[in-house]
Amino acid sequence: MSADEIATVRQMLQMTSGMFNYTESDAFNDAVEDAPSTMWTAEDTLTFIFDEAPYFEPGEGYYYSNSNYT
């Protein structure tokens, strides 16, 4: 998701934001395996979220994404 594609809070809570699910990121999962006791911050996870393309434009579909709660 780029800066010009803005999802609303409602879209995030309804899972219609299109935002990539950071827990599906190979890079995130590798980082967790390498350092399982790391306390991940929202800022940390944003890197993994925005490194990937969104699933769809906000409001154009439905997909459960843990990122919507970040």
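User: What relative accessibility does Y64 have?
Analyst: Happy to start there: in this predicted model, Y64 counts as partly exposed. Buried means under 20% relative accessible area, exposed over 50%, and partly exposed in between (1.4 Å probe, protein chains only). Y64 falls in the middle class because its relative accessibility is 41%.

User: Which residues form the nonpolar patch on the surface?
Analyst: Nonpolar side chains (Val, Leu, Ile, Met, Phe, Trp, Tyr) are joined within 5 Å, and like charges within 9 Å. Areas come from the Shrake-Rupley method with a 1.4 Å probe, and for residues only the protein chains shown count as cover. With about 600 Å² of accessible area together, the members are V9, L13, Y62, Y64 and Y69.

User: How far apart in space are Y64 and Q14?
Analyst: In sequence, Y64 and Q14 are 50 residues apart. Their distance in space, C-alpha to C-alpha, is 8.6 Å.

User: And T45 and T70, how far apart are they in space?
Analyst: T45 is found in helix α3 and is buried, because its relative accessible area is 4%. T45 and T70 are 25 residues apart in sequence. C-alpha to C-alpha, the separation of T45 and T70 is 7.7 Å.

User: What distance separates the C-alpha atoms of T47 and P58?
Analyst: T47 is also found in helix α3, where it is partly exposed because its relative accessible area is 45%. T47 and P58 are 11 residues apart along the chain. Their C-alpha atoms are separated by 19 Å.

User: What is the phi of M15?
Analyst: M15 sits in the loop between α1 and α2 and counts as buried because its relative accessibility is 4%. Local features such as this need pLDDT of at least 70, side-chain atom pairs count only at pLDDT 80 or more, and totals for chains, interfaces and linings use all residues. Although M15 is not a glycine, its phi is positive, at about 60°.

User: Which backbone nitrogen does the side chain of S25 reach?
Analyst: S25 is in the loop between α1 (9-13) and α2, and it is buried because its relative accessible area is 3%. At a distance of 3.3 Å, the S25 side chain reaches the backbone nitrogen of A27.

User: Why does D34 count as exposed?
Analyst: D34 lies in helix α2 (residues 26-34). It counts as exposed because its relative accessibility is 67%.

User: Which residues form the negative surface patch?
Analyst: Asp and Glu count as negative, Lys and Arg as positive, and His and the chain ends are not counted. Each charge is placed at CG of Asp, CD of Glu, NZ of Lys or CZ of Arg. D34 belongs to this patch, whose members are D26, D30, E33, D34, D51 and E52.

Notes. Residues are numbered from 1 along each chain as its sequence is written. Side-chain values use heavy atoms; hydrogens and water are left out. Patches are made of residues with over 30% relative accessible area and no salt bridge: like charges are joined within 9 Å, nonpolar side chains (Val, Leu, Ile, Met, Phe, Trp, Tyr) within 5 Å. A salt bridge is a side-chain nitrogen of Lys or Arg within 4 Å of a carboxyl oxygen of Asp or Glu. Helices (H or I, at least four residues) and strands (E, at least two) are DSSP runs, numbered from the N terminus. A polar contact is a pair of N or O atoms within 3.5 Å; within protein, one must be able to donate a hydrogen and the other to accept it, and residues adjacent in sequence count only if both atoms are side-chain atoms.
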